[in-house]
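Please look through the model below before reading on.

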Amino acid sequence: MAFSKGHIIIFLVTFTISSLFLLGTYHQTILRPKDRGAKPRFIFVDLGAKGADTLDVFMQRPGAKFKFDFPRPEWATYEQAEAFLFEANPVFNSHLVAAKERYDDQGIKVNIFPSTVVNVADGICNFSPNTINAENDASHPDAISSKSTGTDLTCINISTWLLRNTLPRDFVVVKMDIAGAEYEVIPHMAEMGAWTVVDNLLVKWHGADVRGGTPEEISYRNQSALAAKDKLIAEGVKMSLLSPTPPLDNNHPTENVYQPIGEISGSDALKALRLPDEHNNTTPDFSRVGYREGSVPIPTVPVRVILKPSMNQAQDDTARIQYAIDQVSAMPLVNIGENGAAVRGAVLFKAGVYRVAGALIIHSSGVVLRGEGQDELGTIIIATGTIQRDFILVNGMLTSDMGTVEMQQSKARTNETMPVNEYEEPRKPITNTRAGIYIPAGETRIPVESVAGYEVGDRIVIERPASDEWIHDLGMDQLPERPDNEPVFQWTKEEYNIKFERTIVGIEHESNTFVIDIPIVMNLDPKYPPAKIFELIYKFPVISDVGIENLRLLSTYDHTNLEDEDHAWIAVVLDNVIHSWISDVTIVHFISGIVASAWSRYTTIQDSTIMDPVSKFMGGRRYQFDLSGQMGLVKRCFSRNGRHDFITQAGVYGPNVFVDSTGVNSTNDSGPHERFAVGSLYDNIVCDKLNVRQRLWFGTGQGWSGAFHVLYNCSARKNRNMFQDPPGTTNWIIGFKGGLDQHPWFDGRRSQMVTLDSSVEQPRSLYWAQLINRMGGDEQLVETTVGTASKRRYS
């Protein structure tokens, strides 16, 4: 092809500029405006912008070349949108520059990527436009027949760009007109989980044969794009046609109706999904997990102390941040709402950088750490130095002095900074489950020997004792040696007593039966010793109503060693805490992300990202979202480059829920990690691999990883996923999409794979359907209270 001299000059300049943008300068100077961290953004991404004509249409400008009503959120106008224009053909460079200047003069943010090819990988691409056809369309037959040798341009992995530069809370509209490349790009978007950040995708389909190939290649290209399109729609992306071009397949309409939380079809559908096994164990009701049982919004706690970043980059902010936390901790608790919440106040970190060489301790109820944005121009708290310590510790059993550099140097990650709680001796009489009665998982009625001394509203512990017989039945007293002769420890009954915390909501005196608020998520088999029920009293302090929100946590590390471990370990640890939350937090370069430990209860982790950990690739590392307490909830979260994206650890006694979340580029699996976790729901999770299986001698004898788990509408990109049931238990694998391991590592009964009946309307999400059912069937109430419409907005 031929370029004019003017075109060549513009091309060289803008190619250099766009290359610099892609290397990082752009993200700091244009993509991250200072006012974007405090609230969701309205974003328009134009892939194949040509002369920026669509931008005029989007902005509803008089004289626009055509008319189209682009979607927008109720809380924004088109003029408030940020626009990002990508165009490969250098012929249009001057048009993009002119459009940017025109809109900049009007105070509207327009960012341009001239001479940039939208692709599935970053690098250099050969692009072959020409000037034969008036539209300068590279897919035009004249352009193809000209056999132009093309030119090398910058290409960008658009899926990665979207995941890095937009957030799930933003409202993102993508228009795609990329000359046949959509047949590669859209499947890649589905594979990478880009639907977690894209709300609306408007596509001009060019025909699967536009780039040539054999009939088999064209058919494969078409079917891959069709499957990806259906996947994106199923995950909530609203797709529309940009032009009258017919969809790929008339049997698969391109339009979809987006229900943010659900496509709920009522209690009858939920009854059908109970799926009783031969002992009447059923899928439990998971609807009471999360902060204040998941049915109330996270409170907006008033600011009591304001911190500003130091201008001295060598200053350690540990002491002054801890002092601010302690100031708020000394303030009186104030009741808010009608759900028992009481708060003291928030420490507000103004936007900027804070450096912490020690650790931060939240040890009192009602304290919140709040920033002014989780991006690079929001609030960034950096874990500096080389101490291997957990960074933010939310724990009622700790004191402020445990966070000092001196204490962390000697006691980090020891029992003194990771204390274990106990139950106090009960004041009320201890009772036992009645002999000879099988109580199935999913049950809320617990027959006992006596209900004397108990009242509705009492919090209780239901302790199912382990026994030698049970461990033998599981085969966990006969674990084989590891092939490398490293130690393996046989299970013992003292380590596997299962203790559920519940509240009595009814007492049937005639039959001596407790009715509890949350189902038990483990069967109580009369062939083993009876369960013990006693009054719940914590022996050591447990705090409540604490939160971390709207900020970014970053760990320093040795940049010459990508397996460096002389730096901060876990970003946030929640323990000895009830009713807590982490919202809108991004975590970067820590060895592991967020752990809700064994003594955490009713935790919500939402709209948060954990990415790019720095550590060795081995056990105990790169655990991203870890729910190892009870009644924990992870929703709308994202993980990148971890080992285990969404996991539970040993002896986790649920219920716990992971819902509407995505992990990409992990090196290991999601699911229960080891030693008999019970009662987790993985709901609409997309990750690389997902397992509930026998792990036998893995680790030091991890054995059966999980029982009475439910997987609902989950997807795994890699093959060799495995689901197995420990003896005497059931796991329910419903609507799973992914390859199964035909040769499991260790023997065990395979879990039943349940295929949803496509002729009957099914809930998109089991968790959301159960929550809506519990809240009286009012889907709109749930959506506006705790659904996507309730995403936090910070002012």
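**A covered helix and some charged side chains**

In this predicted model, the buried residues of helix H6 are Ile158, Ser159, Thr160, Trp161, Leu162, Leu163 and Asn165. Helix H6 runs over residues 158–165, and seven of its eight residues are buried, so the helix is mostly covered. A residue is called buried here when its relative accessible area is under 20%. At the start of H6 there is also a contact to the backbone: a side-chain oxygen of Asn157 comes to within 3.2 Å of the backbone nitrogen of Ser159.

The next stop is the surface. Asp468, Asp477, Glu494 and Glu495 form a negative surface patch. One of these residues, Asp468, belongs to helix H12, which covers residues 468–474. Asp468 has a relative accessibility of 52% and therefore counts as exposed, since the cut-off for that word is over 50%.

Charged side chains also occur in pairs. Side chains of opposite charge can pair when their charged atoms come close. How many salt bridges does the structure hold? The count is 34, and a few of them are described here.

Another salt bridge is made by the side chains of Arg320 and Asp317, at 2.9 Å from N to O. Is Asp317 buried or exposed? Its relative accessibility is 0%, so Asp317 counts as buried. Arg320, at 27%, counts as partly exposed.

A further salt bridge links the side chains of Arg427 and Glu535, where the N to O distance is 2.8 Å. Arg427 lies in the loop between helix H11 (405–411) and strand E19 (431–432), while Glu535 lies in strand E24 (residues 532–535), so the pair ties together parts that are 108 residues apart in sequence. For Arg427 the relative accessible area is 69%, which means that this residue is exposed. For Glu535 the value is 9%, which means that this residue is buried.

Salt bridges can also share partners, as with Arg41, Glu82 and Asp170, which are joined in this way into one network.

Notes: Residues numbered from 1 in each chain as written. Predicted model: local features only at pLDDT ≥ 70, side-chain atom pairs only at ≥ 80, totals over all residues. Heavy atoms only, no water. Buried < 20%, exposed > 50% of the residue type's maximum accessible area, 1.4 Å probe, protein only. Helix = DSSP H or I, 4+ residues; strand = E, 2+ residues; numbered from the N terminus. Polar contact = N/O pair within 3.5 Å; in protein donor to acceptor, adjacent residues only side chain to side chain. Patch = residues over 30% accessible without salt bridge, like charges linked within 9 Å, V, L, I, M, F, W, Y side chains within 5 Å. Areas by Shrake-Rupley, 256 points an atom, 1.4 Å probe, with all protein chains shown as cover. Salt bridge = Lys/Arg side-chain N within 4 Å of Asp/Glu carboxyl O. Lys, Arg positive; Asp, Glu negative; His and termini not counted. Charge placed at Lys NZ, Arg CZ, Asp CG, Glu CD.
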